[in-house]
Amino acid sequence: MNFKTQYEEILHIARTIFDNPELGYKEQKTKETVASFLRKVNPEIEIEEFSTTGMKTVLGKGKPLNVAFIAELDAVYAPTHWHADKETGAAHNCGHYTQVAIALALYKVLYETKRYEAFDYTLTFVFVPAEEYLDLKYRDELLQQNVISYYGGKPEAMKLGVFDGVDVGICVHAIGNEFERRTIEVNCNLAGFLYKKYTFKGKATHAGFDPFSAHNAYSMSTLFNTAVGLSRQQLKDSEMVRINPIVMGTDMSTNVIPNWITVGTDLRTQSVEYMQEVASRLDDAARGSALALQGEVDIDTQMGYLPFVQDRYLSEFAIQAFHENEEIEDIWNNNAISAAGDIGDLSYMIPCIQIGHSGFTGTIHGDDFRDIDPEYLFEIFPRYLLQVLEQMNGKLDRSKLYKRSYEEYAQLIQSIANN
């Protein structure tokens, strides 16, 4: 394995991407960096482009099974991060730049050594835009222009057929905070989320002269916030529910009783079923709060991402590779967090895993986030991932895999949004 000899080159790629952070569906510099590297390694490479900046390429076409290694191209909007782009506010404080460099490290070793030829599966590299659910005004414009259909890059790729024929998805992701020893994480489930918007409507009057005939929309929203707060003890701890109401819009002034206010909140849970149940409870709280003060409420639901339950069968290959690896010291197993990602959507269609890795200090999405162990990130960890791929070679049992269609996914998302 020659991960060591290519380390400096891969490190340079990682630094180049880190120095040029771009938000989702805008990753043009990152796309060019990736494509140029791939064409330098393999002048005959075929690269399929999708979703403005997405790319897909294949090693070992035509085999019975197809495993996708997926990397995310985008940065986060974090203008106060120590290395944010001063013009756009983008910063790579989620670690996606390391995913891309790790994928390129794997591709180069596999291509130059021809080790992929011994695999009994096709290996597909997919570089996906727009994993982070942000910059929504810009994405609304793309939606209106029919450039995209989804805010998230993986659902968009799913619709476009990028994952047609793929049987297994593998991702990697940074673990925040600082670790004393080099660590990987497996079976870390992620929450799913949706957005709810409640527009409370009342009746405006002069606040001093005639508050008696008014219906105060702001008071309705306050009552709703109180109801949400009091309901929290009735929510299951195992679902790790997160609700965060904020004021999204109003035209209040101090001398007029407010007649409208929009409150928005995300809703995160570990399962779709409980997400729907809690969403119904929030709707009831909003309707009751409006009714109690003689007002009305309009309710809008926008689906985010599905929960991600890591495939335990596939994780066994990652665990076995860890036990045979002599360079990585610790493994975390079976945690769950309330962060979300569009890997949850892809995992509805095909079984997926996301292997976490240390090598950083600071908080994910925080101003202080940075990598501190590049040797681990760009040499040792990719070498471990090759061990994972080799563990899967000849051992993937198709009967333990599942596959659903994009149409089934779209129906599920629609049913949640319309619930």
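**Close-up views of helix packing**

**View 1. Helix α1 against helix α10.** The axes of α1 and helix α10 (residues 374-392) cross at roughly 120° and come within 10 Å. That angle makes α1 oblique to α10, and their crossing is right-handed. On the α1 side, the contact is made by Tyr7, Ile10, Leu11, Ala14 and Arg15. Pro374, Glu375, Phe378 and Glu379 make the contact on the α10 side. Sorted by class, the contact of α1 with α10 has six nonpolar, no polar and three charged residues. The model shown here and in the other views is predicted.

**View 2. Helix α6 against helix α7.** Helix α6 (residues 217-231) packs with helix α7 (residues 272-292) at an angle of about 140°, and their axes are 8 Å apart. This makes α6 oblique to α7; the crossing of the two is right-handed. From α6, Met220, Leu223, Phe224, Ala227 and Val228 take part in the contact. From α7, the contact involves Leu282, Ala285, Ala286, Ser289, Ala290 and Ala292. By class, 10 residues of the contact of α6 with α7 are nonpolar, one is polar and none is charged.

**View 3. Helix α2 and its buried residues.** Helix α2 covers residues 28-41, and its end C-alpha atoms are 20 Å apart. Thr30, Lys31, Thr33, Val34, Ala35, Phe37, Leu38 and Val41 of α2 are buried.

Terms used: Residues are numbered from 1 along each chain as its sequence is written. This is a predicted model: local features need pLDDT of at least 70, side-chain atom pairs count only at pLDDT 80 or more; totals for chains, interfaces and linings use all residues. Side-chain values use heavy atoms; hydrogens and water are left out. Helices (H or I, at least four residues) and strands (E, at least two) are DSSP runs, numbered from the N terminus. The expected span of a helix is 1.5 Å times one less than its number of residues. Buried means under 20% relative accessible area, exposed over 50%, partly exposed in between (1.4 Å probe, protein chains only). Axes are lines fitted to C-alpha atoms, for helices over the stretch in contact, and angles run from 0 to 180 degrees between N-to-C directions. Angles under 35 degrees count as roughly parallel, over 145 as roughly antiparallel, 65 to 115 as roughly perpendicular and the rest as oblique. A crossing is left-handed if the near helix is turned anticlockwise from the far one by less than a right angle, and right-handed if clockwise. Contact means heavy atoms within 4.5 Å. Ala, Val, Leu, Ile, Met, Phe, Trp, Tyr, Cys and Pro count as nonpolar, Asp, Glu, Lys and Arg as charged, and the others, Gly among them, as polar.
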